[in-house]
Amino acid sequence: TFSKFFDPLIRDYHSADKNSKHVTDWDASDVGDNGVLDVTELGLDELSMRVRVGRNLTSFNLPGMMSKEERIDFEQTILKAFDVLIGMPEYGGKGY
């Protein structure tokens with residue numbers, strides 16, 4: 001592994017103690033209204049988010065090697081996954 005090389009660099013960059021352990025907390029329930037932040041209430045314009053998919057699905061080539069037909073199949077596959085996420089109250093949103 002590369003931990004012998006990268007761990008000291010990362011700890012130095014983040015001023016982290018050698019024994020510290022990163023804990024990821026995805027609970028956003030205390031942000032905004034139960035995890036939903038309406039930035040317009042803060043006087044900001046609506047935001048738009050772009051999601052970049054940088055890795056391939058195992059049944060598809062990497063984007064640079066996809067044919068037009070494969071790109072269409074890929075999009076239809078991803079749109080099904082987005083429909084599932086959009087239908088979940090904790091994600092929601094719209095796909096364009």
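This is a predicted model: local features need pLDDT of at least 70, side-chain atom pairs count only at pLDDT 80 or more; totals for chains, interfaces and linings use all residues.
1. F5 itself is exposed, its relative accessible area being 53%.

2. The structure holds 3 aromatic pairs. One of them joins F2 and F6, again in an edge-to-face arrangement, with 6.3 Å from centre to centre and 70° between the planes. F2 has a relative accessible area of 66% and therefore counts as exposed, and its place in the chain is the segment before α1, the helix that covers residues 3–13.

3. Taken together, F2, F5 and F6 make up one aromatic cluster. These three residues also belong, with L9 and I10, to a nonpolar surface patch of about 560 Å², so the accessibility of F2, at 66%, and that of F5, at 53%, may be read alongside the patch.

4. A separate point concerns L85, which is located in helix α2, spanning residues 68–86. Is L85 buried, partly exposed or exposed? With a relative accessibility of 35%, L85 falls in the partly exposed class. When its neighbours within four places in sequence are set aside, L85 is in contact with Y91 and G92.

How values were computed
Residues are numbered from 1 along each chain as its sequence is written. Side-chain values use heavy atoms; hydrogens and water are left out. Helices (H or I, at least four residues) and strands (E, at least two) are DSSP runs, numbered from the N terminus. Buried means under 20% relative accessible area, exposed over 50%, partly exposed in between (1.4 Å probe, protein chains only). Contact means heavy atoms within 4.5 Å. Patches are made of residues with over 30% relative accessible area and no salt bridge: like charges are joined within 9 Å, nonpolar side chains (Val, Leu, Ile, Met, Phe, Trp, Tyr) within 5 Å. Accessible areas come from the Shrake-Rupley method with a 1.4 Å probe; for residues, only the protein chains shown count as cover. A salt bridge is a side-chain nitrogen of Lys or Arg within 4 Å of a carboxyl oxygen of Asp or Glu. Rings of Phe, Tyr and Trp (its six-membered ring) pair if their centres lie within 6.5 Å; planes under 30 degrees apart count as stacked, over 60 as edge-to-face and the rest as tilted.
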